[in-house]
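This report goes through a structure chain by chain and contact by contact. The cut-offs behind each term are given where the term is first used.

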Amino acid sequence: METEKLYDIWAKRNPQWETKYEKSIIKIFTDYGKGATNFREARGKLFGAGYEIFIIAFFIGLYYNLRRPLIEDSTQRKTFGQPIQYWGNLDSAKGRKSYPKLKEFIFIALIARTDIDFISLDKEDGINSRKAVDMLMQTMEEYANWGFHFIMDKLIDDPNHFYKETAFLEIFLAFDASPKDSPIEEMPDPLD
Amino acid sequence: MILEKLIIKNFRSYYSDNTFVLSKGLTLIIGDNGDGKTTFFEALEWLFDTSTDNKNVSNVSEKRKSELEIGETDEVSVSLFFEHNGHKELEKSFMFEKNANGVNTKNFKFIGYNNEGVERISINGKNLLESCFDTVIRKYCLFKGERDLNVFNNDTALKTLVDTFSGIKKFDELYDLTSEFERKSQDVVTRELKNDKKQKNEIDRIESDLSQVSQEIRVIKIDIDNKERKVNEFANKIRLLEENQDACENYQKIKERIKKKQEEKSKLIAFASLDYNSALLDDYWVLRPFPSIIDEFQKKISLLSREKRKLEKDENERIAIEKGKKEAIENIQKLANGAVPLPWNLPDKQTMQEMIDEEVCKVCGRPAPKGSEPYIFMTQKLNEYLEHVKNETNKKQQEERIKPLFLNHYINELNTRSIQLSGDTERTISCIASNIAERLEYIQSRKNDLEKINKDLQEAEDAKVQLLIQNNELTEEILDKNFRDFKGLTDSNKKTELDLAELKRTLGELERRKADLKAEQNNLTPTNVNVKIFQKVHTSFEKIMDAFLAAKNNNISEFIYTLEQEANKYLVKLNANDFHGTVRLIRTTNDSARITLFSSNGSQVHNPSGSQLTTMYMSVLFAISNITTLKREQDYPLIFDAPSSSLGYDKQEEYYNLIDKLDKQCIIVTKDFLVDSDKKIKDLNMDKINKLTSSVYRITKIEGFNQSDLSTIQTQIIPIKN
């Protein structure tokens, strides 16, 4: 029986974000709301599609390992025009390349950081795939939300901060790039 | 005429009394720009001005003006003491008075004094000046600035010289007189001939032809004049280009350099730039810190996978126990320490087969010879694999009957994903950090290169500016066009020269034709006897007129020749050990002359250097002065303003010493012998000055002056040498 992969179920979804970041961040740094991303050059925005700044915000929250729950009021939340499965599928125009694999890494990070009882999920005991993916999305949204908050803080201090061409890069240069140095510990199996 | 003393009082920057005692030979007056050199000269010019009574308030010393109280007066004066058939004085002055609105001037005086014995007789200044040092002479004695040195720039200069010194004025009068006779007599003849009906037509024809030819001759002469001027212009332009060949070549080189550097710069700019934000996504730079997350994930999944397999194993065991000893394929051999076995598909069939065939375990490296425990373990595992594959359907049927423990395979999916991460993917992610570092380093390197190129560019631009400053006759446009122009100019020049030759030939023909017509006119046989007499008279007058014309021309030629000879004597002296060559004065059609230089092998020096030019002109001037002396039986001083600024630095003392020895009184006002520095008041180069034989004065602004306040500026005279 061919059940849908967990990854694919997740990729059909579309994360939410708080509308308060629409004017102050998303529209400033991306072409969100203005049509096809291949007009980016003409407008001079740093990024193309709206989800791109979301991805950046997500990774900021992920690496800091800090989350921020979304606002309860659903009228103050929005989604992007494209579900995750389309993220990174750019046509290579105007000096950009496509980055289709990035979303797989996002998925991996979400699995690592979300406390899902996979055993029960595989048993289909008390939790189903939809619920599991909900939890993954919550992790995703909360990391991104924290990331947006982080960006907002910087903009309040200096509205031009991110116009320095290496401003975003520098955030990611500050994190440790090495893998955790301990090799996989051989955990002894419990005696049956 | 020998100048003895000059006193300048309150004339512009010369505050109060300033006395120059002048040597019989050379007096050098040394000053920097703005020190009062030109003012010295202009004071003399003011003194010698006989055309106006100039009491302009602009000539009054600002400093003295500022010192006066209202109602107070003082005077501006320039006095010259000289010897010219006795000791004489010339003084020009006026009073100035401070009032509420400024300063007004009055009481202009121009007086000469004759000192005869003890008596001092005053006479009209203008008269004294004209009788001792008249306007014409002064024209060849006073030279302000280097351009004035080419005396023949002015068309009538030669004519004036010739008129004044060659006594040719008489010839002119005679020529004019005889021309008139010729004309009048011709008119008489023509009138009489016209009365003769027979000849009338002939006469009319000849007359009209003559008038036409004369007109053509006039036109051609103008043409020739223009073309000669053009040839001269070309010569000057070509000279300019040739002189500046070096500058032009350098300019081209600098331009090339600049172009090259700018090309390099644009290339570098491309390499030095990067879209860092796009790279975060497109190049996965945002995954730089991701390795630890991969780690987390793999560990978590590994644990999950193990746990699931354990549960599965336990479940299977339970089923097996419940259903008795069923040979379930899942009933796997126990492992040595009770550990959970690997899933049925790991290691894969190929790996297992390989290990069995080679009788070694390739994970721990220990040998597994046939029949040994490890060998049996491996073969059984392989069989299990094969059974499992074979018994897929059986298994499925069995599974349908038994409700499986695990309905979903998400953990398997995640496990597969985890395994896929190992190897290349993991390595790629780990490399991102170093890729970024390398890239940033590369960009920084390019930025450093860019900085260097910008510096180089700036240096080249500076060099270009320097070049233009040093050659301030030239603009960038000229330098650029130079080489291309050169060929064009020489071609145009050749053409003009050819045209000129053609024109001159035509002129010759026309003049022959005119002469022929005149002869025809003269040979007309009248019937009236009186007319024949008139004709003879006319012919005589014509011959006399021609004779005077020839004499006049000879006179001019002789004068020029004499001038040339004299000039060349001076040229030799002034050049001392240097280039010799000769000066040649070449007559031009409009009765003037050009001063040219020829080298000893007879070819013209088309582009003499600055110092050669100066020496050339000075030689001619000294020659003229000599001729003046001869004709007037009086010597006259030569007063130059800065004529040697184009001489090389080394030549200066030599040059002045030569002039000092010339047995002529010279006063030269110059910037030479000042030591170049940033000082406001430059020092004198005493080493060189001590080698001079002449008198030396230094004029300088008094210290503590304010550039923008004229009343603080005062020229101070310092005698250096006598």
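## Terms and basis

A salt bridge is counted where a side-chain nitrogen of Lys or Arg lies within 4 Å of a carboxyl oxygen of Asp or Glu. By that rule B:Lys9, B:Arg64, B:Glu67, B:Asp74 and B:Glu75 are linked in a network. Over all chains, the structure holds 45 salt bridges.

The model is predicted: local features need pLDDT of at least 70, side-chain atom pairs count only at pLDDT 80 or more, and totals for chains, interfaces and linings use all residues. Residues are numbered from 1 along each chain as its sequence is written, chains are lettered from A and ligands numbered from 1 in the order in which they are written, and side-chain values use heavy atoms, with hydrogens and water left out.

## Chain A

Chain A contains eight helices and two strands. Helices (H or I, at least four residues) and strands (E, at least two) are DSSP runs numbered from the N terminus. Along the sequence their order is α-β-α-α-α-β-α-α-α-α.

Of the 192 residues in chain A, 48% are buried; buried stands for under 20% relative accessible area, exposed for over 50%, and partly exposed for the range in between (1.4 Å probe, protein chains only). The accessible surface of the chain is about 9800 Å², and carbon and sulfur atoms hold 50% of that. Such areas come from the Shrake-Rupley method with a 1.4 Å probe, and for residues only the protein chains shown count as cover. Contact means heavy atoms within 4.5 Å. Among the contacts in chain A with a separation of 6 or more, 71% join residues 24 or more positions apart.

## Interface of chains A and B

On the chain A side, 58 residues are in contact with 54 residues of chain B. The two chains bury about 5200 Å² between them, with 63% of it on carbon and sulfur atoms. Buried area here is the accessible area (1.4 Å probe) that two parts lose on being put together, summed over both. In chain A, the residues that lose the most area to chain B are A:Phe105, A:Ile119 and A:Asp122, which together make up 14% of what that side buries.

Five salt bridges cross this interface. One of them pairs B:Lys308 with A:Asp122, with the closest N and O atoms 2.6 Å apart. Helices α1 (6–11), α4 (50–64), α5 (102–113), α6 (118–123) and α8 (167–173) of chain A each supply at least two residues to the side that touches chain B. Of these, α5(A) gives the most, with nine residues.

## A buried glutamate in chain A

A:Glu52 lies in helix α4 of chain A and is buried, at 1% relative accessible area. Apart from neighbours within four places in sequence, A:Glu52 is in contact with A:Phe47, A:Leu90, A:Arg96, A:Tyr99 and B:Leu281.

## Salt bridges within helices of chain B

B:Arg205 and B:Glu202 form a salt bridge with the closest N and O atoms 3.0 Å apart. These two residues are three positions apart in helix α7 (residues 197–243), so about one helical turn separates them. B:Arg205 is partly exposed at 34%, and B:Glu202 is partly exposed at 31%.

In helix α10 (residues 291–322), B:Lys299 and B:Asp295 are four residues apart, about one turn of the helix. Their closest N and O atoms are 3.7 Å apart in a salt bridge. B:Lys299 is partly exposed at 26% relative accessibility, whereas B:Asp295 is buried at 14%.

## Backbone features

The peptide bond from B:Leu346 to B:Pro347 is cis, with omega near -15 degrees. B:Pro347 sits in the loop between α10 and α11 (349–358) of chain B.

Positive phi values occur at two non-glycine residues, A:Glu124 with phi near 55 degrees and B:Phe673 with phi of about 70 degrees. A:Glu124 is in the loop between α6 and α7 (129–157) of chain A and is partly exposed at 43% relative accessibility. B:Phe673 is in the loop between β12 (666–670) and α20 (686–689) of chain B and is buried at 1%.
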